Amino acid sequence: MRAARRPDAPRRSGEETRAAILAAAERHFAERGFEAARLEDIAADVGVRRAAIFYHFPDKQELYAAVLDDVLGGFTPALPSGGSTEARLEVSMRAWIDYVAGRPTLARLILREAASAQPGVSSPLARAGRTLVDWMRERIAEGVASGELEPLIDPHRFISLMGAATVFHFASMSSLTPDVPFDPASAAEQEKHKRELLRMARHMLGITARD
């Protein structure tokens with residue numbers, strides 16, 4: 001049976017409906033993955049008919065790509081534009097940890113997409129995250145040129161390690177280490193993760209270690 005708008009539900013504008021569809025789709029894709037997520041269930045969560053999804057998104061693949069764009073695009077404004085290269089990289093990494101912690105679906109979406117990616121094929125995740133990856137590469141190149149940084153590893157490896165460390169930490173660590181009770185989203189755990197990640201980052205970028 002198709003979902004219909006509840007009689008007592010307030011009417012939404014087109015933009016509000018689109019945002020509600022994206023939010024519901026984000027939850028379903030994170031919980032079930034692209035293949036298992038059903039448009040009927042997403043529509044039911046929003047309180048619209050399945051056809052309403054196609055008014056805003058041509059197909060399921062486009063909806064999925066839009067979710068990833070929305071999720072990763074939401075972090076772009078946090079990228080700092082001023083200060084030294086070292087300071088901007090540190091601010092961006094701290095902001096990334098806060099962002100992932102504050103949006104629990106993000107880590108699961110990235111892990112699911114990374115696991116299903118095909119070698120040599122540009123994935124929706126890669127396209128959605130291009131701005132962030134390019135920004136990091138440019139900052140590292142600037143730091144090398146100015147003498148601020150003396151990286152011990154290639155930039156793409158650094159970006160991969162830093163991103164993966166936080167994604168895996170929030171998505172999987174609590175289930176993999178049930179004998180070590182901790183809440184990765186707690187303020188104390190976030191600060192600890194920031195200190196540890198920045199310590200590793202400074203070492204890999206050739207920056208004098210400090211806490």
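Modeller: Of the 211 residues in the protein, 41% are buried, a term that stands for under 20% relative accessible area, with exposed meaning over 50% and partly exposed in between (1.4 Å probe, protein chains only). The model is a predicted one, in which local features need pLDDT of at least 70 and side-chain atom pairs count only at pLDDT 80 or more, while totals for chains, interfaces and linings use all residues. Residues are numbered from 1 along each chain as its sequence is written, and side-chain values use heavy atoms, with hydrogens and water left out.

Helices are DSSP runs of H or I with at least four residues, strands are runs of E with at least two, and both are numbered from the N terminus. M162 counts as buried because its relative accessible area is 6%. Leaving aside residues up to four places away in sequence, M162 touches M93, W96, L197, M200, A201 and M204; contact here means heavy atoms within 4.5 Å. A101 is 61 residues from M162 in sequence, and the two C-alpha atoms are 15 Å apart in space.

The wider setting is as follows. The protein has 10 helices and 0 strands. Its C-alpha atoms fill a box of roughly 60 × 40 × 35 Å along the principal axes. Of the contacts between residues at least 6 apart in sequence, 68% join residues at least 24 apart. The protein exposes about 11800 Å², with carbon and sulfur atoms supplying 54% of that area; accessible areas come from the Shrake-Rupley method with a 1.4 Å probe, and for residues only the protein chains shown count as cover.

The domain assignment gives domain 1 (14-71) and domain 2 (75-205), with bounds taken from an automatic or database assignment. Taken over C-alpha atoms, the centres of domain 1 and domain 2 are separated by 26 Å. At their interface, 15 residues of domain 1 are in contact with 12 residues of domain 2. Domain 1 and domain 2 bury about 1100 Å² between them, 57% of it on carbon and sulfur atoms. A30, L68 and V71 supply 48% of the area that domain 1 buries against domain 2, more than any other three residues. Buried area is the accessible area (1.4 Å probe) that two parts lose on being put together, summed over both.
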